[in-house]
Amino acid sequence: VADPVSFAPASGSTRRGFPWALAFGLVGLALLLAGAYVGLFVAPSERYMGDVQRIMYVHVPSAWTSLLAFTAAFGFAIAALWSGRDKWDAALVGAVEVGVILNALVLAQGMIWGKATWGVWWDWDVRLTTTLIMLLLFTGVLALRGFIDDARRRVTWSAIAVIVSYVDVPLVYLCVRWWRSLHQVQSTPETVHPLMVLPLRLSAFGMIFLAVWMITRRAQIELERGRREAVAPPERLARLQPTSPGRSAS
Amino acid sequence: VTGEITGGWGSVVAAYAITATVLLIEALRLARARRRTSGRSVPASQEDKR
């Protein structure tokens, strides 16, 4: 509460936020709950894997949405480099953070599913390995931002790091087609029971809607943080100074 | 790789619980961060007088 920088008045647009974002979040939550209900209690068990296959209804939507978030981050990175505007950098942060969270979830869900069906928590299979590399690369982008104080350089280097990291994203999606993999190739609705397609779609759209809300929220926070940094550097610097010469000498 | 299915509802519940927990924590983190930046807390000028 004593941090004056934290309570600099927010601008009108930031305080109002994006009204549609909350609607996206609520719709996403409703779809996720509906998807979970249908996936857990209505959809039939899979012939070979039994009930454990129901993990698919959170695992696949998390994977799709993380890839979409990183793809959005790639677009925001190009826009940030092109225009140099803070709003694209803020959107980039939001997309990368949400993508990293979902990426970590995908790995956790996949390990649980793998232990049940493959008998091992982890295998250095090409899909699993490229997904882990994707997590490390984009976590590195977030870490990199923490090391750069200058805002302009932070925008540039974050965007470049995202563009370089994005090379792994199509690899994650296509590797199961290009190389022999323990992980199965993507299914199509024609090869899946309709009662399995429904919860998958509900959960996928729910996850995407929720991710849009989270990215928007995070971008708003980042924009506001950037404005505070821009208007209050003296106070920030003052807080770094020793409180009294006597204390520092003792 | 054993080829034998060992998991059941326990694995499903674990996967759903981890997903729900992480998403809930992230949503709360974002909501809390938004409150800090909304300007509704104690203004800096009043805080300085204490």
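**One tryptophan, one helix pair**

So, let's start with A:Trp213, which sits in helix α8 of chain A, residues 194-231. Keep in mind that what you're looking at is a predicted model.

Is A:Trp213 buried or exposed? With a relative accessible area of 11%, A:Trp213 is buried, as the cut-off for that is under 20%. And what does A:Trp213 touch, once we skip neighbours within four places in sequence? On its own chain there's A:Ala21, A:Leu22 and A:Gly25, and from chain B there's B:Ala27. Also, A:Phe18 is 195 residues away along the chain, yet its C-alpha lies 9.3 Å from that of A:Trp213.

Okay, on to the helix pair. In chain A, α5 (residues 126-147) and α6 (residues 151-165) have axes that come within 9 Å and cross at roughly 170 degrees. Anything over 145 counts as roughly antiparallel, so that's what we call α5(A) and α6(A). Among the residues that meet there, α5(A) brings A:Leu137, A:Phe138 and A:Arg145, while α6(A) brings A:Arg154, A:Trp157 and A:Ser158. By type, the residues of this contact split into seven nonpolar, two polar and two charged.

Last bit: confidence. Chain A has an average pLDDT of 86, with 86% of its residues at 70 or above.

Definitions and conventions
Residues are numbered from 1 along each chain as its sequence is written. Chains are lettered from A and ligands numbered from 1 in the order in which they are written. This is a predicted model: local features need pLDDT of at least 70, side-chain atom pairs count only at pLDDT 80 or more; totals for chains, interfaces and linings use all residues. Side-chain values use heavy atoms; hydrogens and water are left out. Helices (H or I, at least four residues) and strands (E, at least two) are DSSP runs, numbered from the N terminus. Buried means under 20% relative accessible area, exposed over 50%, partly exposed in between (1.4 Å probe, protein chains only). Contact means heavy atoms within 4.5 Å. pLDDT is the predictor's confidence in each residue, from 0 to 100. Axes are lines fitted to C-alpha atoms, for helices over the stretch in contact, and angles run from 0 to 180 degrees between N-to-C directions. Angles under 35 degrees count as roughly parallel, over 145 as roughly antiparallel, 65 to 115 as roughly perpendicular and the rest as oblique. Ala, Val, Leu, Ile, Met, Phe, Trp, Tyr, Cys and Pro count as nonpolar, Asp, Glu, Lys and Arg as charged, and the others, Gly among them, as polar.
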